[in-house]
Each structure stands twice: as C-alpha cells, then as structure tokens.
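Please look over the sequence and the fold first, and then read the report that follows.

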Amino acid sequence: MLCYPEYLDLPRIYMMFAVYLSASLSVLFFFLLLELRLKRNGISLKEFLVLIFKKYRNWGSYISDVLTHRKFLRDRKTGGISHFFMVYALLLSFIGTMLVAYNQYYDIITGSQVFCGIFFESYSFVMDVVMWILFFSSLGGLVALYLRRKIVPKKDMFFNSLYLLGFVYLALTGALLESFRINYLGIKSYYFFNSILFGFKISYFEYLLAYISHFELAFFLIAIIPETSVFHSLLSLTNYLKDERPSGELRKPFDLKEIMEKGAFDVQVGINKTSDIKGFDRLELEACMHCYRCQDVCPAYAAGRPLSPTELITGLKEGIKREEAIWDFIQEDTIWSCTTCGACIEACPVYIRHTDYIVDSRRALVMDMKLDEKKNALLLSLSSQENTIGVPNQDRNSWLSGEGIKKASEVNDVKNLLWVGCMGSFDPEARDIVKNFIEIIKKAELQEDYAYLGEEETCCGDPARRIGEESKFQDLAIKNIELFKKYNIKNIVTICPHGYNTFKNEYAKIDPWMKNVNVRHYSEVIQELLEKEKIKVRMSEEVLTIHDPCYLSRHNGVVEPQRFILKKVGKIKEPQHSGKNTFCCGAGGSNYWYEVKENEKISHIRFKELRNTGASSVVVLCPFCNAMLNDASTVLSDGKIKVKDIAEAVRDNLV
Ligand code: SF4
Ligand code: SF4
C-alpha cells in the first residue's frame, strides 16, 4: 500500500534529529524572546503564563470568536476573508505537521505507518489545497500591507512583509516538496494535483535543500514571533482574558471607602505620562494592528471631532516606547470627543478597550483641574446638589406625588424600585417617559408593586465616572447602595440605560451586596407584561424605526424586548446600524453636558440614518437619546418625524 514518503531515501535518523533539534531551538528562542518582550513591559513570563492558563475556561469562547472571524468579517469583507483564509491555512498546516510527527513516532514504535492508502491520499489532497490558500492569502496580505504603507509604522511594515514573504516561501516549497515526493514515487493520482501541476522529478540534493529550507524557515518564523507583529495573535488572547468586565463597565482605579478608612490619599489616578500605563495594558496597546476598524465605526470621528480611536491607540502604542507626557501627542479635546459608545471596542479584533485609556486620561485632566466651564458646572452640580441639573434636589420627584405610585418611605416592602434618574426627575420630556411607564404599570394593576425614592434619590454616578471624577462616582454609589440596603431593594427598574448599566455592572464592584439586586430596563418590564398578558396593545398602521441606545443594546446586549414590543404596535423598519451594532446619539460619556468642536452633530448623523428608513416615527429607549434626537428632528425635519419613547408607543396603543 502507498504510504507517506516524508524523507524519501534520505537517512531518516539524521533528518529526524535535524528537525527535532531545530524545533527545540525554535521553542527555546520563542520563550527567550517572549521573556524579553514581557520584561520590557514590566511583566514576568510567569505572570503571563498564569494569566493564560488560570483563565483556561474562557479559551472556548475566545477560540470560537476567532474561528468564526466575527469581528474580522463584520465590516471589512475583503481584508476579513483574506485574514480568515490565512489563519485557517496556518492552522491546518500546523495540524498537518503534527499529524506527520505522529506518523513518524507511530512508525518508530510499531514499524508501520498511519498515513497509508486513502488516508495518505486525502491528507495529501487537503495539504495541497491548504498550501495554495496560504500562498494566495499571503500575497493578499502583502497587497493589503502595501496599500496601508502610509499608516503602518516602518518597522512593522518591514517585519510583516518579511513574514508574509516567509509564508509565501513555505507555501511554495510545501507544494513543491509534495510534488517532488509524488513524482519521485512515480504515482499518478488526481489526489496529488501539485504533482500534476509541477510534474517534474528532482535530485536528492535538491529535495534535501528544499526540505531543510522549508522546515528551518518555519521554525525560524515561530522563534521570532514575540518580536514581530504576528505576536498580536497571542496578545489578543491575553487582552481577551485579562479583563472580564462588560464593555460598559469602567475599571476602578481605587477604592474610596478603603482610602477614607486608611487615610492613604496618595494614589496615582489616570494617565498623564505613558509611564502611567503599566503591565498588561502596555501589551494590550501593542496588539493593535492599525486595521482602522475602530475608526470606521466611531461616531466622534464621523462627526469630524478630533478623535480617531485608531490614532489614539497607535499613538499610545508608540508613545510607551518613548516614555513621554501623553499631552505631547494627544490633544485634550481628543479625549473629550469620546461618547464612550463602545463601538470601537466591539469592532476591535484584538479586544482593545479604548474607553479605558480615554477615561483614564480624563481622570488625569480632572485631577489637574483642566476642565472648561461646562464640565466644571457639571461637577459643581454633582457636588452641591448631587444631581446633574444644578437645581436643588429636594423637589426632585415631588411632581410624581399625584401619579399613583408611592414613595419607598411610605411602603413596608418595596418589590420594585422605580429609579427615576436625573433626566426623569427634571427634564419635562423625560418626565413624560416616567408618566407613560407608570400608566402602563397601572393598566397592569401593578402600581402597588412599585415605589420611588423621591427626594432621597440622587444621581446614579454615571456622568461623574465617565467625565473622569471617580471619587464623586464612588461617593454617590456608596450613598445609593446604603439607600437600597435601607429599603431592602431586590429589584430596580430604570428608564435610563446609563443608570441601568451602572447599577447592573458597576455598583457590585463598589459593594458586592449589589450582586443580589436584579436590575431591569423598563422595556424588559413592558415585554414581560405583554408576554404575561397583563397588558394588551392594538396594532397600528404606524411605520416605526428603532434607535437602540449604546448603553442598553451594545454594552448590555438588550436588543430583543424593544423589537418584541414594537412588532405588536406597528411595522418596524430597521436602520443601517441597529441592535448591538447601533450608532450613538451623541450624549453618552457625559457629552450631554459639554460641547466639542465638530463638523456635524453626532445626533444629526444618526437622525439622518433613521430618517432614511422612511419611518414616520423614531422610537427611543433612553431620555438622553430622546432629547438628542428630538432636537435633531426639529432641525432636520421640522419635527415632522416624531421621536417617541417606547413607553409612549405602548401607551398610545393600550386596549
Ligand atoms: S467609544 Fe465610541 S466615541 Fe469613543 S472612541 Fe470608541 S467609537 Fe469613538
Ligand atoms: S485598536 Fe483594534 S480596531 Fe483599532 S486599529 Fe487597532 S487593532 Fe484595529
């Protein structure tokens, strides 16, 4: 039977020795270079390996994310497909090589081979195909690299080109070796199409040269991975594993309670210099491959604000090599341009979390009191009134007294706390959202199950945290959690996705007690009421489009309730950006309270896209989106396209 003729008549023992010696040296150099690169970033090899292996449970989701190439294929089809083929070709080549090694051991131990007959022919066929995929995808990679020559740093350009040329050589020699082997044996079979393609015999010496150069190059390329951009593949794994926070949760730089108790006020907060970026964060930045996917989806960039998330990350990546003040190469307005919408995080194939660096930079600006009048006014309002509007907090919810639900202080058992929020409390249009939601609850005869805090309620802290005032955020969070404990709150319902995100994802890091509190957005409650038939709605002729809020749909994946509800009251027309792939209204990340120079308002860009659906009404699920898009509608459609909240859409059709 025909078996795999790896070494032909070359002396097997010497060839195996050469291959395994090279493989061992390759692994040894790989780890030496890895240690050097990690050391430059202040991380030990042990820390690196501990991170990877301690979180082995998360490997599955990482691998499936990479294998599906979800992020690569989402927006850039050509580049994504080329990357997809290259990754799969390399993966299959690696598996193929491992199978050959297995075949050799099997042969040594048993004196017979596994790779014989149809198995050998199939293996050979697959590897032939793989080699050509690797060849063409590497050429594609070289073309893509050439097209991006102006934006990729010279060093990366040089090494990446060499690497891709290396793949081209490996693919070609792989195909040739296969052809030589088959022709040497004189086999004619359509399985071995490379032999038909090349169709010539070579001498032992030529085979030896091609064979040695093939495996030596392969081992060399493996050995130098840690010093090249190819290392991004491993760094994307550490980026994925290092932080398990949802994208809407910001990191906590200190614990206010602990600081107060210990009196240890000397903590470094924020990023002023690149040396303030440490350890795995430095590696996170190094993973960036200048693919510009984050810039493509950034609303701030689209609006002509001075922010490109790609240039921000690549600037920091280069900056950490020079160790300098970040303000030497980043404008303050770049940092203020971000709405923390998370589109960049969602798009980034190597799992970089841009907003961490943006908010950390804001924290440094807040520490140094480099704030303009409007930002100062917000912080002053939060300090003096504990709300974002700058008016006394005592009257916060007095307007709610006649609406039919009670204050928490008036009931024995608060089944559901209705968190009204600063917008819901003070903004006239947002008050209507609360009123409409209460009407729905009353229709379901569940008003007894809900209570609100009244004058005891303060800001949830989201604006303080996102503007970079971490102490104020934690101060507000601590006070609110004490209130929740006082009333033994187990369920919170918010009308605001920002409060929803903060309570759901961030409060538990302030006090683990919050893990026991179930936080829901009012759209989830309305969906439940409809499902349980506690309320009924009629179908209308209205054509609706949905604006999904970033903090509800992208950061927290809530996309289904709004569609479930609206399908019952009208016809839905989805905009280009919808669900998790939504487009910001421009208010998040505290942007609602200040202005940044821009060519076009983010809310206008979004409104135009919503208008293009041809819908007569835009349905929103957030008081901030409501305000932003209502303004946009007034300017761009004279208010003809109605912007309505989902509670209003339901209330109008209650039966
Ligand atoms: S969070 Fe949004 S606004 Fe900020 S950089 Fe990312 S995409 Fe741009
Ligand atoms: S940060 Fe991520 S998405 Fe942005 S350019 Fe770098 S690799 Fe691409």
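## Strands and their pairing

In what follows, two strands are said to pair if DSSP finds at least two bridges between them. The model is a predicted one, and in it strand S4, residues 491–494, pairs with S5 in the parallel sense over four bridges. Among the residues of these strands, Ile492 has Val519 of S5 as its bridge partner.

Helix H25, which covers residues 522–531, packs on the sheet and touches both S4 and S5, with a direction that makes about 85° with that of S5.

## The whole sheet

The open sheet is formed by five strands, which follow one another in the order S1-S3-S2-S4-S5 with parallel pairing. Strand S1 (406–407) and strand S5 (518–521) stand at the edges and have a single partner strand each, so one side of each is left without a neighbour in the sheet.

## The packing of H7 and H9

Helix H7 (residues 154–185) packs with helix H9 (residues 204–223) at an angle of about 145°, the axes being 9 Å apart, and the crossing in which H7 passes H9 is left-handed. The residues that make this contact include Tyr163, Gly166 and Phe180 of H7, together with Tyr207, His214 and Leu221 of H9. Sorted by class, the contact of H7 with H9 has twelve nonpolar, five polar and no charged residues.

## The surroundings of ligand 1

Ligand 1 is surrounded by 15 residues, of which the closest are Cys298, Cys338, Cys341, Ala343 and Cys344. The shell around ligand 1 draws at least two residues from each of helix H14 (299–302), helix H17 (343–347) and helix H18 (354–367), and by class its residues divide into ten nonpolar, five polar and no charged.

How values were computed: Residues numbered from 1 in each chain as written. Chains lettered and ligands numbered in written order. Predicted model: local features only at pLDDT ≥ 70, side-chain atom pairs only at ≥ 80, totals over all residues. Contact = placed C-beta atoms within 7 Å. Axes fitted to C-alpha atoms, helices over the stretch in contact; angles between N-to-C directions. Near = placed C-beta within 6 Å. Nonpolar A, V, L, I, M, F, W, Y, C, P; charged D, E, K, R; others polar. Left-handed = near helix turned anticlockwise from the far one by under 90°.
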